[in-house]
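Please examine the model shown below together with its sequence.

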Amino acid sequence: MAEIILLCFEFFKVGLFAIGGGLATIPFLMQMSQNYPHWFTPQQLVDLIAVSESTPGPIGINMSTYVGFLTAGIPGGIFASFAIITPSIIIILIIAKFMRDFADNCVLQSALSGIRPAVTGLIISAGFTVFKVSVLQNEQIHWLPLGIFLALFGMTRVKKIKLHPIVFILIGAVLGIILKL
């Protein structure tokens, strides 16, 4: 029971401070993997991100459910999922109550303008973290994942190739499955 309470506390913090969506939770999860390595490892986090991005639903909730399940089974998955969304629900209710009064407030608008670059920085940091764990293992470059990344990234930059993002996810999933076999 203590493990579930700790899990809820950690995911409540993630939900409270990960402004900007599920990708903004990745730095928090990376720190969680270091603080609680018996929950999940950085390598498992990369797999977790891949699965969470590939499955329907918000990535943050998918990740919290998965970590909760790994840590404490079905109850852990349920409680971790509720813990990550609880701060958002509370904040949205408070904002909805007072937004009409403060919608044109220059201090609020300035605060929101300052939050945007911070969220962008968190997402970029998450991208570097995932890249490092995926491509740089034991301080050596793994050329195959790097080649796949560069090829798929290059395909997104070619003007004539207009594929839906799910196609890139599916290509990466298929390549990952084939290469793990």
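This is a predicted model: local features need pLDDT of at least 70, side-chain atom pairs count only at pLDDT 80 or more; totals for chains, interfaces and linings use all residues.

Residues are numbered from 1 along each chain as its sequence is written, and side-chain values use heavy atoms, with hydrogens and water left out.

The largest nonpolar core has 24 residues, and Phe11, Leu29, Met32, Phe40, Leu45 and Met63 touch the most other members. A nonpolar core is a set of buried Ala, Val, Leu, Ile, Met, Phe, Trp, Tyr and Cys residues joined through side-chain atoms within 4.5 Å; buried means under 20% relative accessible area, exposed over 50%, and partly exposed in between, with a 1.4 Å probe and protein chains only. Helices α1, α2 (26–35), α3, α4 and α5 each supply at least two residues of this core, and α4 gives the most, with 6 residues. Helices here are DSSP runs (H or I, at least four residues), numbered from the N terminus. Leaving aside neighbours within four places in sequence, Leu45 is in contact (heavy atoms within 4.5 Å) with Ile26, Leu29, Met30 and Phe40.

The structure holds 1 salt bridge, a side-chain nitrogen of Lys or Arg within 4 Å of a carboxyl oxygen of Asp or Glu. Its partners are Glu10 and Lys13, at 3.4 Å from N to O. Both belong to helix α1 and lie 3 residues apart, about one turn of the helix. Glu10 is buried, with a relative accessible area of 9%, whereas Lys13 is partly exposed, at 30%.

Which helix supplies the largest share of the lining of the largest pocket? Helix α7 does, with 10 residues. A pocket is an open set of points on a 1 Å grid over the protein atoms alone, where a 1.4 Å probe fits, with protein on both sides within 12 Å along at least five of seven lines; lining residues have an atom within 4 Å of a point. The largest pocket holds about 1,600 Å³ of space, a volume being the space filled by probe spheres set on the points. It is lined by 36 residues, and Val46, Ala50, Val130, Ser134 and Gly172 lie nearest its centre.

The second largest pocket has a volume of about 500 Å³. Among its 23 lining residues, Gly15, Ala18, Ile19, Ser88 and Ile91 are the closest to its centre. Helix α4 provides the largest share of this lining, 10 residues.
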